[in-house]
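Biologist: How should I read a pocket and the ligand in a model such as this one?

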Amino acid sequence: VSTPEVVPATTGDSMPSLATTLERDARLADDLAPTERADDGSPTDVLLTGATGFVGAELARALLATTPARIRCLVRGSKELSARERWAGICRRVDADPARITLVEGDLESGALGDRELANSVDCVVHCAASVNLFAPYAALRATNTLGPRAVLAFAARGRPKAVHFVSTAGIFLSPHYRRATVFEDQPVEGQEGLSNGYAQSKWVADTMMARARTRGFDVTRYRPAFVGWHSSTGRAGEHDLVALLLRASLAAECAPNLDLQVNSTPVDHVGATVARVVARTEARGGTYHVVNRRAVPFVELAELADLPVADFSVWRAAVTARAPQFTKFAATVHAAEQDETSGSAELRRQFDRTYDDSSLKRALGADYTPTPEMDAAYVALLCRAVRP
Ligand SMILES: NC(=O)c1ccc[n+]([C@@H]2O[C@H](COP(=O)([O-])OP(=O)(O)OC[C@H]3O[C@@H](n4cnc5c(N)ncnc54)[C@H](OP(=O)(O)O)[C@@H]3O)[C@@H](O)[C@H]2O)c1
């Protein structure tokens, strides 16, 4: 069981020096300046990062379907597979002609975007890669989540003019400052004060950096999903999907915990299709877009839709231990986070209800806008079918 999207606060990281580091990391180098604006029209040569991941694979699929562009995927080797083998896996997964999806081998942490030829060819970067480790402190995520976007901007400043599309997260609003608020896409993001989770902090730095780059003349578009949920036709869930993990553990345990969690989730294919539509549409570029669900639902409502009885935490944990021991550690983590008032996930309680307005996205896409589908019984049933033990 991997790390879920919501985790306890990163203890030990709330010293003043961290705040200074975050503010400093969000600054742009004085001499960073864009080339001219990228050509209007659908891009022709896209560099996509993160295509081996949950969201990135759907983005690759949607970009192929929505634009005529060549898609270059930045891929690194893993312990088991070379970058080339992993790239071939992406081609199979999205059923793409290898002539349209090409490999750029490299790791964001080791100068992958330094190539001059690449900078001279690409006219659009879709930056989706990130370390989505919700238990790690900021320092451990900085190289990928902060220096990665910084490298993307430096890349955009060289060679052919480029549009930059950055996958951010609504998690940057999980501080007490935004409790019970409606967050609008165009409102300036406040400081990092009160953001207690290392992952959220790293994405705040990157989102802020991207906003500043736009002010400096870069052609930057930001996307902010809240939870990214399972695929709306296959039921396939991402490894960081806390809600899917909770339902999986609960299906195996035959009961769900009485968890106070507000779920605002958008199916991964909807996120991919939405981003690709904006990428293809010149007049939509340069905005900030919430890719969210207009109706957040309580976790217990999802449990009921899955026909699971809701039980007290102690009963649920005992049932997990007895019937689904592979989820024992996960259940303990969820329980600890529920009890910890300083936990990053405490911000997702229903009483702190946040609404993410997506009017800018609606305006930008016009007739192509489709609202995120509600998390209804049919959607929950899909996951149940995909994961029922
Ligand atoms: N999942 C959500 O609920 C959610 C919600 C809001 C926003 N987001 C954002 O959506 C994006 C994708 O998330 P995800 O859930 O799809 O995560 P994921 O499945 O873990 O995918 C992350 C991707 O980033 C790549 N990556 C990480 N570090 C890299 C590095 N140093 N160099 C090159 N590539 C690197 C990974 O490559 P490897 O396979 O080689 O590790 C993988 O392709 C992230 O920016 C995340 O912040 C996600």
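Modeller: Begin with the elements: helices (H or I, at least four residues) and strands (E, at least two) are DSSP runs, numbered from the N terminus. This is a predicted model, in which local features need pLDDT of at least 70, side-chain atom pairs count only at pLDDT 80 or more, and totals for chains, interfaces and linings use all residues. Residues are numbered from 1 along each chain as its sequence is written, and side-chain values use heavy atoms, without hydrogens and water.

Biologist: Which element gives the largest share of the lining of the largest pocket?

Modeller: A pocket is an open set of points on a 1 Å grid over the protein atoms alone, where a 1.4 Å probe fits, with protein on both sides within 12 Å along at least five of seven lines; lining residues have an atom within 4 Å of a point. Here α5 gives the largest share, with four residues.

Biologist: Where does the ligand sit?

Modeller: The ligand sits in the largest pocket (more than half of its atoms lie within 2 Å of the grid points). Around the ligand, α2, α7 and β8 each give two or more residues to the shell.

Biologist: Which residues come nearest to the ligand?

Modeller: Thr52, Arg86, Tyr199, Lys203 and His240 come nearest, out of 27 residues around the ligand (a heavy atom within 4 Å).

Biologist: Which polar contacts (N or O pairs within 3.5 Å) does the ligand make?

Modeller: Among them, an oxygen atom of the ligand is 2.6 Å from a side-chain N or O atom of Thr52, and an oxygen atom of the ligand is 2.6 Å from one in the side chain of Arg86. Val228 contributes a backbone N or O atom, 3.0 Å from a ligand oxygen atom.

Definitions and conventions
Polar contact = N/O pair within 3.5 Å; in protein donor to acceptor, adjacent residues only side chain to side chain.
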